Amino acid sequence: MAEAQKLLELVNVFKRYDSPDGTETPEVLKDITLHVGAGESLAVVGASGSGKSTLLNIIGALDHPSRGRVHLDGKDLARLDDKQLSQIRNEQIGFIFQLHHLLGQCTVLENVLVPTLLNQDADARKQLEQRGRRLLARVGLEKRLSYRPGQLSGGERQRVAVVRALINKPKLLLADEPTGSLDAAASENLTLLLVELNLEENVTLIVVTHALKVARCMNRVLELRDGKLVIFA
Amino acid sequence: MTFGKLIFQNLRYYWRTHLGVMLGAALSTAILTGALLIGDSVSYSLNRQALARLGETQLALVGQDRFFRSKLAGELADKLQTAVAPVLQLNGLLINRDTEKTARSNQVQVLGVDKRFWELADGKPITIDNDQVILNEPLAAQLKVEAGDQVRLRVARPELLSRDAPLSLDRDISIEQRLTIKTIVSEEQFGRFGLQADQVMPMNAWVSLPWLAERVELKEKANMLLVGGEELKNIPLEAAQTALQQCWQLADASLELRQLKQQKILELRSGRIFLEEPIVEAAVKADPSALEVLTYFVNEIRLGERATPYSIVSSLRRPPTPPDATTATAPASTFNQIVPSDMRDDEIIVNQWLADDLQGRVGDSVDLTYFVFGPMRRLQEQTSRFRIRAIIPLTQAAADRELMPDFPGLAQVENCRDWKPGIDIDIGRIRPKDEDYWDLYRGTPKAFISLRTAQKMWANRFGNLTAVRYSLTDGIKDRIEQALKTNLNPAAVGLFFQPVRQRALTASRQAQDMEWIFLGLSFFIIAAALGLMGLLFVFGIEQRHKEIGALLAMGFTRQKVRQLFLLEGIILAGLGALLGIAGSIIYTRLMIYCLSTAWQGAISGARINYHADNISFIIGVAAGLCVAVSAMWITLRRQGRQQVRQLLEGTAELLSLSGRRTPGKARAGYVLAAATAAAALLLLIFTGLGNKQHTAAAFFGAGALLLIAAMALSHGILSQSAGTTDNLLVSLANFAFRNAGRRRGRSLAVIALLACGSFLVFAVGANRRNPLAHAQQRRSGTGGFTLLAESTLPVLHDLNLEEGRRKMGLISPDLALIKVVQMRLRQGDDASCLNLNRPQTPRLLGVQPQELAAREAFDFVKTIEGKPDLNPWLLLKQPQTDHAVPAFADDTTIEWALDKRLGDTLSYINERGRTFNVRLVGALKNSILQGSLVISEEALMQQYPSEQGYRVFLIDVPPPKTEAVTQAFLRLQGTNRDIGLRVTKTQDRLAALYEMQSTYLTMFQLLGGLGMMLGIAGLALVVLRNVMERRGELAMLRAVGFNKGSLTRLLLYEHWWLVILGLAAGVVAALVAVMPAVRSAGGEIPFASLALILAAMLISGILWVWLAARLATQGPLLDALRHE
């Protein structure tokens, strides 16, 4: 994948959290260097507390590294302010969480369109709505458009969350334990869906998981061990 | 582990959440208990003041214009074995001319006392020398004097014969004396002495009783008796009255039994000239053959061209002897000699002197011209024609000069040219022969007519006889005197005791219910505190959903879980209530401080001391606890309906939101909103506009309905926003609107709290009136009058007439322009809102109803049904089936001071000791007559015939002349015509009366505003809670690209419209509710101050939301992505 156009680049990234009592805490991430090409799919595995989610948050511009640089599509995230980071998250990154975080008061379609609210262009939003409908149909929820999240199964909720993550045509799709709260069947379905969408939408997919079954569906699998990123054996 | 330990651990673990709940309970308890303590403090203070003004006095005999022997006090003291103090109480003025600008006090209660008076004060007896005076503190302050200074005292010399009685003197003979101030007494030293229930200290001056009595020519007389005793020694009213019955003598009723030895007659006379009806009844009953006498002064007896001026005419009659009468002591011969039994009503017997003067013969007609007295001493000269029946020689019985009573200005005068009766006589008409007659025969009657005719012409409210005569025999005097004492109830001549202590304590006990007033004023703040507490409690429970789920999963029943939480709540509420006790003391002291300073207008300057009854603490704490626990119980009932799995998974909200697809709830809200709005409209159309009296209620009802409609509409909108599936999210605002519907209960609570708060604050604020708007109109509170005057001494004449004014010394040409409505005054308790005590017998104003009817003065809130098209004032002349006296009072007086309604009655004791009822038949609207009951002058005179003259005046003045007229009145001050006139602009009086209402409105707005602040703090809590609960959601939004600004905006949009909707709903509903007040005279919305209050609410609401939103978006949200 090295030949592919570089989308994400982490160089010598370290992360240490501040301790509440001011004492020094161990580094969660140590000297991480990672290159991810456009359209690639990557899984990061590791034990609980190994720093997988921390890594994902740093990649997704939700957190900053203690040291090191993160480049997304050529932009150094450290040089961007909150507003610019928010814009990047809105336009270039899609998030899928272990918990779906759907809004109970909104319908399935509305939930999908929440990220589009920040778009000031009405025509564009109209198009995005069509895209939302299409994607929901793609994930088999075309008959659930006006359902509320409370009326959906766990798998369905997570599929809505996937569509929400893709609505703004992001370049990078980040999934943090996306199948963590699903049963085996739903988990498999979602994994397949993610892989298919990775290809169909040409979106780079990074999945953090401890489920090997999910990880093996990706192009590359890396493991976080003792704060370092190593190739999964 | 025990259940109790679990509760203890829970309390400890969740102490932060619980602290809020506890503080909410503490706040509501503090304010609730504080209101009770304010009531305690006011009652206690008024009670203390009541006791301070009475000392040890339990009963009082108040004679006013009736004077009795001061020795009666000693006789009663012996009989009752208790302290009895005689007092001569007169109204007077005090002037200090020593200051640069003369200081004066018009309404001074001058009290002639001896050391027995001071013994009632439980203090050292004080002896006052003849040239000394003692003042109380407020009087000394007003006069700017201290002990050792000199002041001038002026009192009118009382006359036994009322100034309103025929042939009474028309002028006051006042005495003025320079006195040295011996000492100045404080409230504790009996300085507050007074019999009227009023928290404001009267102006009192004490002088020596013997000195004062002598100076006003009432030697050894008094007009007040105070019966006292130690606090626990109760002196029954009946015992005192019985003792009085045993001790009283004829002299105490100004009666005298004279032995006229030459005429062999025993004659009963009165110092008051005319014998009142009960006396006549008793006198005749003492001896049924007694001879009744009525003698009068006539202006002229004319026969053709000849006329005899100024003569005395008598009438004599022996009453028909009852069949069982055994005694016959009347001087039958006298009777028979002068007036034959078959004397006709139009016949007259003249003496030889008169016959010669008129050259009259038997059968000739003569005309008798005489004055009769109308109101305001208006003299009406009337003439009656008689036929001479007989001419009798001026000898024996016909030459009885004692038949003439001691008419003032006549009887004691040597030369008839020196006559100065209370009527205008033309001295020039008196001929030498008239002088000779006077020299020889004095007041010997020149003619005799029948008693029936005489009484028709000359009987008046003071009596219908001038003497009753008995034949003088051995022992007759003692026998008649004893019989009179037996037959005549002393109460009938004004000698009766009143339970003044009991009344004073009742007045203070039933004083204005300050606890309820403060509960009302603090209602919103209590509700807001409870609402806040409820919210915190709910949040506490919601925070522990998973714990509830775990307990249920472990086998706890829902009931057991509720019990667990409720017990926690009870402990918290209990702790809060205990904390509230301390808070209540601080709150009460703060309120008392405010009432003594900024809010002094609410209690008219009364001094309030902090006092707390234990029972108030118990009630306050119990009530606070009950209310708090009830709020928690209701909250708990609404909780815990979710499934265990949902609670454990934390998906309860998600599932509950999905259950709102049906638009039924929204529709129900809209239907209810439409129905209540329609009901409001119908109410206005059919009730409000139809009947004026119901207008205010209808508009307020409509306003309240609109408030409900607004709530229902909000419910509908929120339900729709939560339940809609048709509209896509098109903007942040749209998204925020959708979010507001997710916690419909909370959102509605916020809207309701703000709507109710703004409704109350706005409605109350809009009731603030400008009392002076339209004040010049007849239908306003001033009645269209410019000046209101009240005099210390009565005005006897008609001030509308130049002659009347001249007699009063009012000679300014400016006064020719005035029109005056004169009113009589019977002193009593001040029943205006300025008196915190419950008035037992409010003062009475006697008015001629037609005078105010003709002017259509003042406006009425309500009257009882009278005849159609009858001017309301004429209701005062409409007889009541139960003989009650119809009365008007100010609406405020009826509702607040008296706690009565139209149709209710008040009991009074009339001058003769008989109880009569006064019925409230009309409520005046915000008038300057507040504080009194207005009855017809006729009714007042019937019940209190001795009341003299007029003391209250409503004066019409052309506006440019107001100052000139006021000055003309005030020029009387310091002259020998000084009647202690206080002249006030009616607008000033109205403004003073309005001050209390205005202060209460301020207090309500302030406390309501504080409640609103709590409500807005509740809003902040809701926002924070909403935000905290949605941290996962907010984190997701951050993850999908919302920056902090967008998130803050979203949260602001979500909650601002709740603030705006709540305030708008309240204001619109309030505008409708207060429309009648706005349209009424003086009603105008104080837009500026209300806009300020609303702006403050709006800004603080927005600020809280902004702060909460900022706080919520500042912290690390990322954790929430994994730990929703």
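User: Which residues of α24(B) meet α34(B)?

Analyst: Two residues are in contact if their C-beta atoms, placed from the backbone, lie within 7 Å. Here B:Ser758, B:Val761, B:Phe762, B:Gly765 and B:Ala766 of α24(B) meet B:Ser1089, B:Leu1090, B:Ile1093, B:Leu1094 and B:Met1097 of α34(B). This is a predicted model, where local features need pLDDT of at least 70, side-chain atom pairs count only at pLDDT 80 or more, and totals for chains, interfaces and linings use all residues. Residues are numbered from 1 along each chain as its sequence is written, and chains are lettered from A and ligands numbered from 1 in the order in which they are written.

User: At what angle do α24 and α34 of chain B pack?

Analyst: Axes are lines fitted to C-alpha atoms, for helices over the stretch in contact, and angles run from 0 to 180 degrees between N-to-C directions. Helices (H or I, at least four residues) and strands (E, at least two) are DSSP runs, numbered from the N terminus. Helix α24 (residues 744-766) and helix α34 (residues 1087-1114) of chain B pack at about 165 degrees, with axes 10 Å apart. α24(B) and α34(B) are therefore roughly antiparallel (over 145 degrees).

User: Thanks! What is the strand order in the open sheet of chain A?

Analyst: Strands of a sheet pair through backbone hydrogen bonds, either parallel or antiparallel. Two strands pair if DSSP finds at least two bridges between them. In chain A, the 4 strands follow the order β2-β1-β4-β5, with antiparallel pairing. The edge strands, each pairing on one side only, are β2 (29-37) and β5 (75-76) of chain A. Strand β1 (residues 6-15) of chain A is joined to β2(A) by 6 bridges, and A:Lys6 has A:Gly37 in β2(A) as its bridge partner.

Note on methods. Parallel < 35°, antiparallel > 145°, perpendicular 65-115°, else oblique.
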